[in-house]
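Welcome, and please take a moment to look over the sequence and the model below. We will then walk through the model together, one region at a time.

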Amino acid sequence: MTITNKSLIQCILEGKEKSTSLQKELLITYSEQIKSINPIGAFEAAKIQSNGRRFFWSNASRDLILVGFDKCFELENQSSHHFESHEKKWDSLLNDSMIFPQNRGDLVGPMLLGGFSFDPLKLKTNLWSEFPSSRLTLPKFMVIKRKDTTWFTFNMLISKDTDEEVVVDNYMSIKEQILKASLKSIDDTSFLNIEYEEIDSHKWMETVDHAAHQIRLNEIDKVVLARGLKVNLKSNKTFSASSILNNLYIQQSSTYLFAVEYENNCFIGSSPERLIESREDVFVSEALAGTTKRSLNKVEDMRLGNELLKDEKNLYEHKVVVDTIKKVMEETCYKVKMPKEPMLYKNQHIQHLYTPMEGYKRSGISLLKMIKMLHPTPAMNGYPPQKALRFIREKESLDRGWYASPIGWIGPYGTGEFAVGIRCGLIKDNEVFLFSGCGVVGDSKSELEYEETKTKFLPMISAILNNTL
């Protein structure tokens, strides 16, 4: 056996000794540095070994990429978000855990991956049957790419009866399979033989007009309404999550990439919007609301951006989001920093009004508590929040599931990051259900809002077609 094998065996033996002393199972996390590999190749290679759980997550700067598969430990609730319960169970697991090596700087260690539904009280349909109201999974195996270093991480629950030699043999076999297969390039796939099916678009436009009327009557200030578009593959083939993810990686720079797969149903997207990031002593959030399209012509693109910066409707939408997030940040942080005016955030197809915020954490404020306080933001819900959420629950026919919801990871040292699950789709064999929404205010016109949602479908459609549209 190599030194690496002996190290893992020694970790397991130490864990068994501690497990015997505590008289309960405990978590061991073992990480070893490996040569750089293609993370999306690792995601594809993990399909066979995933046992119905596969994850991909990248931050917007691409200096942290996570790939996870299989299940070591899981927090789940079918009917509510249960932030407090999840936090208590996660802390309890970590309290007695053994992490090898202790490497805080590289963010290497046990990490929960997953997310939450938009509204746990909304009537559920079969569309999201594999996605409960909340689910956070500690994968059994992970590839963690942090800047220029790559780690292979193994999480396991052990007891005094654990057979360390069987565990090591299994670990080495799966690691070898993943690393070998992940060196292969992802097929440059285009899914061209497709058709589009609008989902209740006329009813959606009627709901937009109704919402605008209610806003003019001062019943509500703003509401965000979402609609769906189904993409059908007209062949015996199925959509490849890896190919679509690879296309998103190439096409959509400066966005969060995510793929959460449960039993061959994969929620995938390239979100421009951070909900919350937790570093050791800092929380970082942002307001992203107010939208216009891009142009290949630089002069025209600049004109569109300048118009967005002066557009009253979009500025009002943005201010509502800024004020709400700022209030939460000031309640939970010291010295909140933010620019006085919004900036432009440009992606390939869309540009947004953007205001970043950062503050030093107050004592006792966790990442899950911040998610509870921030979700859903007015950019996904509306204002006042309870009135807007009630309107969406009663009037919006779409089952949002995990669309417009927190998607991300939680680490062992108070760290973690969640994006908002937008610019996305749900892959189900030979169908992809796309989701898009827009903010409705008093002077909103349903025809214009419809066109805005079409623009927001483009990142996923481009990834499916493998072109830049």
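Predicted model: local features only at pLDDT ≥ 70, side-chain atom pairs only at ≥ 80, totals over all residues.

The paragraphs below go from the cores to the helices, and then to some individual residues.

Residues are numbered from 1 along each chain as its sequence is written, and side-chain values use heavy atoms, with hydrogens and water left out.

Let us begin on the inside. A nonpolar core is a set of buried Ala, Val, Leu, Ile, Met, Phe, Trp, Tyr and Cys residues joined through side-chain atoms within 4.5 Å. Buried here means under 20% relative accessible area, exposed means over 50%, and partly exposed lies in between (1.4 Å probe, protein chains only). The largest nonpolar core has 84 residues, and those with the most contacts inside it are Leu-66, Trp-90, Val-223, Leu-225, Phe-267, Ile-276 and Phe-435. Helix α5 (residues 201–216) gives the most to this core, contributing 6 residues. Helices (H or I, at least four residues) and strands (E, at least two) are DSSP runs, numbered from the N terminus. There is also a second, separate core of 55 residues, which includes Ile-34, Val-143, Ile-158 and Val-432.

Contact means heavy atoms within 4.5 Å. Leaving aside neighbours within four places in sequence, Val-223 is in contact with residues including Ala-211, Ile-215, Phe-391, Ile-392 and Val-440.

Next come the helix pairs. Two packed helices are described by the angle between their axes and the distance between the axes. The axes are lines fitted to C-alpha atoms, for helices over the stretch in contact, and angles run from 0 to 180 degrees between N-to-C directions. Helix α8 (residues 312–332) and helix α9 (residues 367–374) have axes that come within 10 Å and cross at roughly 145°. On the α8 side, Ile-325, Val-328, Met-329, Glu-331 and Thr-332 meet Met-370, Met-373 and Leu-374 of α9. By class, this contact has 6 nonpolar, 1 polar and 1 charged residues. In this classing, Ala, Val, Leu, Ile, Met, Phe, Trp, Tyr, Cys and Pro count as nonpolar, Asp, Glu, Lys and Arg as charged, and the others, Gly among them, as polar.

For a second pair, turn to helix α6 (residues 241–251) and helix α11 (residues 446–465), whose axes come within 8 Å and cross at roughly 120°. Ile-244, Asn-247, Leu-248 and Gln-251 of α6 make the contact with Pro-459, Met-460, Ser-462, Ala-463 and Ile-464 of α11. This contact of α6 with α11 has 6 nonpolar, 3 polar and no charged residues.

Now for the loop between β6 (112–116) and β7 (134–138), where Asp-119 has its place. Is Asp-119 buried or exposed? With a relative accessible area of 10%, Asp-119 is buried. A polar contact is a pair of N or O atoms within 3.5 Å; within protein, one must be able to donate a hydrogen and the other to accept it, and residues adjacent in sequence count only if both atoms are side-chain atoms. The side chain of Asp-119 makes such a contact with the side chain of Arg-393 (2.7 Å), and the Asp-119 side chain also reaches the backbone nitrogen of Leu-121 at 3.0 Å.

Ser-133 is found in the loop between β6 and β7 too. Why does Ser-133 count as buried? Ser-133 counts as buried because its relative accessible area is 0%. The side chain of Ser-133 makes a polar contact with the side chain of Lys-124 (3.4 Å).

Finally, follow the backbone. The peptide bond from His-375 to Pro-376 is cis, with omega near -10°, and Pro-376 sits in the loop between α9 and β19 (382–383). The bond from Tyr-383 to Pro-384 is cis as well, with omega near -5°; Pro-384 lies in the loop between β19 and α10 (385–395). Lys-147 has a positive phi of about 55° although it is not a glycine, and this residue is exposed, with a relative accessible area of 53%. Asp-429, in the loop between β22 (424–428) and β23 (431–440), has a phi near 60°, a positive value in a residue other than glycine. At 48% relative accessibility, Asp-429 counts as partly exposed.
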